[in-house]
Amino acid sequence: CNNKRITKSFKEINEIYKAVKLTTTSFKFIFSNISKFSYPYQIINFFKFICGNYGQLKMAYKPICTSGSDNSILHSNNYTKKLQNNQLILLDIGCKFNNYCSDITRTFPINGRFNKSQREIYNIVLEANIYCINNSKINTIWNELSNKCFIIIYEGLLKLDIVKKVSDLYKKIDLGKLFMKHSLGHNIGIDVHDVCSILVLKENMVITIEPGIYFSDEQCLNKNVNKSVWKKYKNIGGIRIEDVILI
């Protein structure tokens, strides 16, 4: 682990900021042109086109662009499945700026409007995203923040009756993990998953915050999942919201 890369210099922070700004600008162009796309590869190519117009040709990593039930696949590189009107797109993409990475994920409706079930799950993920960003401060213990994220996921699913009430704290965390199949975030810099695991947040660290909820068949094997309610949401596939933040 290279400790010199855990925290970033002012110059490095500025380069990451520029990469993130260009990525978010590109997202806005995608949102305003979403009706023109029929396949994920068209969205990715359009993103690259916009970044190229700003002189940046390098992607930070292989993009993820899925829709519907495929949103439950964390690292899908299938870009040829036709987009359907009532589905959500999960777009995880980022460019480089002077070799420093961005990493943004947005999940949004193809037709511009969430249906009731989609909005309910989205709002749980958004709540977790906002809470974790607001509580990412100097000396925050990462594992404690991650566990709070899993509890927010559990409590949101409980309100929808997707999961059953459990009293034990660790069972709540485990149920949250059952629906969020990855860590809360990671360091970012020269590499999109930059060196070293996050233990305690330090000043001038740059990290991602990326809570999500995903629906997969193995969840129905858990006795604390209400299968009949779960079935109403499974076609959503998954929702993730990812931002890059500076401590």
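A pocket here is an open set of grid points, on a 1 Å grid over the protein atoms alone, with protein on both sides within 12 Å along at least five of seven lines; its lining residues have an atom within 4 Å of a point. The model described in this report is predicted.

**Pockets**

By that definition, the second largest pocket is lined by Gly68, Asn86, Gln87, Leu88, Asn115, Ser117, Gln118, Lys232, Tyr233, Asn235 and Ile236. Helix 3 and helix 6 each give at least two residues to this lining. The largest pocket has a lining of 13 residues, and those closest to its centre are His75, Asp92, His186, His193 and Glu210.

**Asp92**

Asp92, one of the residues closest to the centre of the largest pocket, belongs to strand 2, residues 88-93. Is Asp92 buried or exposed? Its relative accessible area is 6%, so Asp92 counts as buried, the cut-off being under 20%. Two polar contacts involve the side chain of Asp92: one with the side chain of Tyr61 at 2.5 Å, and one with the side chain of Thr105 at 3.2 Å. Apart from residues up to four places away in sequence, Asp92 touches Tyr61, Pro63, Ile64, Asp103, Ile104, Thr105, Arg240 and Glu242.

**Nonpolar cores**

The largest nonpolar core contains 45 residues, and Ile121, Leu157, Ile162, Phe179, Ile207 and Ile213 have the most contacts inside it. At least two residues of this core come from each of helix 3 (116-134), helix 4 (142-159), helix 5 (169-179), strand 6 (206-209) and helix 6 (227-233). Helix 4 supplies the largest share, 9 residues. A second, separate core has 31 residues, among them Ile44, Ile93, Ile104 and Ile188. Ile104 of this second core is also among the residues that Asp92 touches.

Which residues does Phe179 contact beyond its neighbours within four places in sequence? They are Ile153, Leu157, Ile162, Val163, Gly212, Ile213, Tyr214, Phe215, Gln219, Val225 and Trp230. Leu157, Ile162 and Ile213 in that list are, like Phe179, among the residues with the most contacts inside the largest core.

**Loop residues with positive phi**

Most residues other than glycine have a negative phi. Asn99 has a positive phi, near 75°, and sits in the loop between strand 3 (96-97) and strand 4 (100-101). Its relative accessible area of 40% makes Asn99 partly exposed. Asn139 likewise has a positive phi, about 75°, without being a glycine. The loop between helix 3 and helix 4 holds Asn139, which is exposed at 59% relative accessibility.

**Gln42**

Gln42 is located in helix 2, residues 40-53. With a relative accessible area of 26%, Gln42 is partly exposed. Its side chain reaches the backbone nitrogen of Tyr39 at 3.0 Å. Neighbours within four places in sequence aside, Gln42 is in contact with Lys36 and Phe37. Between Gln42 and Asn85 there are 16 Å from C-alpha to C-alpha, at a sequence separation of 43 residues.

Conventions:
Residues numbered from 1 in each chain as written. Predicted model: local features only at pLDDT ≥ 70, side-chain atom pairs only at ≥ 80, totals over all residues. Heavy atoms only, no water. Core = buried A, V, L, I, M, F, W, Y, C linked by side-chain atoms within 4.5 Å. Buried < 20%, exposed > 50% of the residue type's maximum accessible area, 1.4 Å probe, protein only. Helix = DSSP H or I, 4+ residues; strand = E, 2+ residues; numbered from the N terminus. Contact = heavy atoms within 4.5 Å. 1 Å grid on protein atoms, 1.4 Å probe; cavity = no way out; pocket = protein on both sides within 12 Å on 5 of 7 lines; lining within 4 Å. Polar contact = N/O pair within 3.5 Å; in protein donor to acceptor, adjacent residues only side chain to side chain.
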